[in-house]
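Subject: Structure handover

Hello,

Here is the structure for your files. My notes on what turned up follow below it.

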Amino acid sequence: MNAIVQSPTDARRDAAETCTRTPELKWPADMNLGAKIPLGVVLPALLLLVWEIISRMGWVAPHLLPPPSTLAETAFALARDGSLFNHTLASSSRVTAGFVIGASLGLIAGGLVALNRTAESLLDPSFQALRAVPSLAWVPLLLLWLGIDLAPKLTLIAIGTFFPMYLATVSSLKNVDRKLVEVGLQLGLSPAQLLRTIYGPASLPGLMTGLRSSLGLGWMFLVAAELIAATSGLGYLLTDGRETGRADLVFVAIIALALLGKLSDTLLVAVERRVLRWRDVANLQGEPK
Amino acid sequence: MTPRLQVNLQHKSFAGRAVIRDVAFDVAAGEIVAVLGASGCGKSTLLRAIAGLDRQFDGSIAIHGTHNNQNVIGMVYQEPRLMPWLDVEANIGFGLDIHARKSSIDALLEEVLLENARRYLPKQLSGGMAQRVAIARALIREPDVLLMDEPFSALDVLTRRSLHTLTRTVTATHRTATVIVTHDPEEAVNLADRVLVLLNQAEGGATIQHDIRPASSKSARQDDIEAIIAALDAPPTPTNNIIWYDKHAHHTR
């Protein structure tokens, strides 16, 4: 057999071959405005302006729709006496704890069901049946069993966050590319190694999506839990506002919930960007500026 | 001396239908054998059997004359099958102990001409570069046998040529018994030392071995290609169940 030496042109050509990035698509709507004003604030700002005018003109009763300036005063007062901070802290820690419990259990149960046929036959039908129960239907039972303290709230949030994480885990593990798994099998990896080096990383995109929807539902169930029985938290602030006829309190709580929900999701998106750097996805909106 | 790889596959069927019958061949260390045939003739099945991914067949597959599973087999697939979350270096050392692999990775990166792409992610690689990484990953365990399943079919002609060169170089330096499955007679003749042609086994087809002429001129190679195409084209008859081609004559066994 001839001894063949790699010609230097091969190397040069390969260097030139080095991949170019995904071609950048430019949509007509993708204007440069975004560079100066974050586009996301335009709509809320306009809304606030119109709202202020409507309230000031007296077209709607101010006790039902207080103007944004009043809301700002209320928020400021609540912030000054520390109660806004306390309510926010109470709610955030409940969501965090419930989410950590629910999502971890969802991950574990989903992993078991996806990777073990016996576990799937044993557990999945029950989980699917339980999932069909609207989660709020558990509330009376939780109150009966666990009283009105922290336990029923955490349990409700955990139930709410469990199912999206469970479903995401099962589907992302089951959708791992068979061809990659075959590579691992051919290399003689043990089941534990396969799980750690192939199934785990390959299912991360799906797991991250699961975490985000799970956390989103966590906030929803937090409000449900706090509306029912609580003496602190943003849900309590909502009830308090309703009972004392103070729409401004209700609005402040709603805005705080919106901001917290957005903030927590932004954190998860940042984590997602970091751990999924390797993903090769089409970017229809062009590269970020 | 026993050949590095001895394949003797008497029977393999899927759902009662014979896919492979009486396929027997040897591959020496440092030798490349191309397996050619129309789709559905059992090429990939044969490769999976040699790789040990499929053990449901009658016959035997021996490496170094033995049937144990301790032999290392390197596998290169049609798609590079790199782990998208690992960079080039980590893909080459995939599944190995991180300390054991550092020096061999450096040598292999140089061998497959990817020293400068060490930190690239698979999404940043061209098809040719990705397949070079796949070859390096197959070589890092110093395999006795290197199996390649249509590894270059998705690549352009220049890239394919440079990878043919690479395949010959690594087969010679690593002394692997290399088996490459392809559907392209030209690739088979240009790359391999011998060509095994599988005719449609399900319809009572035959196995033909064709030795590539050594000091081959371009026209001699063209003759080889034509001979292989003619063999693929000819309808099998019960008498020519196994035909052996050698350099200048063919005879029926």
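A residue is called buried here if 20 or more other C-beta atoms lie within 10 Å of its own. The model is predicted, and by that criterion helix α2(A) is hardly covered, with a buried count of 1 among its 15 residues. As for its length, α2 of chain A takes in residues 42–56 and should span 21 Å at 1.5 Å a residue; its end C-alpha atoms are 21 Å apart, so the two agree. Just after α2(A), G58(A) has a positive phi of about 75°.

Two helix pairs in chain A are worth a look.

Helix α4 (residues 83–115) and helix α7 (residues 150–174) of chain A have axes that come within 6 Å and cross at roughly 35°. The crossing of α4(A) past α7(A) is right-handed. The residues of this contact divide into 21 nonpolar, 8 polar and 3 charged.

Helix α6 (residues 139–146) of chain A also packs against α7(A), at an angle of about 145° and with the axes 9 Å apart. The crossing of α6(A) past α7(A) is right-handed too. On the α6(A) side V139(A), L142(A), L143(A) and L146(A) take part, and they meet A151(A), P152(A), T155(A) and L156(A) in α7(A). This contact has 7 nonpolar residues, 1 polar and no charged.

Which residues have the most contacts inside the largest nonpolar core? They are A34(B), V133(B) and V195(B), in a core of 113 residues. Leaving aside neighbours within four places in sequence, A34(B) is in contact with I180(B), T182(B), A188(B), L191(B), A192(B), V195(B) and L196(B).

Regards

How values were computed:
Residues numbered from 1 in each chain as written. Chains lettered and ligands numbered in written order. Predicted model: local features only at pLDDT ≥ 70, side-chain atom pairs only at ≥ 80, totals over all residues. Helix = DSSP H or I, 4+ residues; strand = E, 2+ residues; numbered from the N terminus. Expected span 1.5 Å × (residues − 1). Buried ≥ 20, exposed ≤ 12 C-beta atoms within 10 Å, placed from the backbone. Axes fitted to C-alpha atoms, helices over the stretch in contact; angles between N-to-C directions. Left-handed = near helix turned anticlockwise from the far one by under 90°. Nonpolar A, V, L, I, M, F, W, Y, C, P; charged D, E, K, R; others polar. Core = buried A, V, L, I, M, F, W, Y, C linked by C-beta atoms within 7 Å. Contact = placed C-beta atoms within 7 Å.
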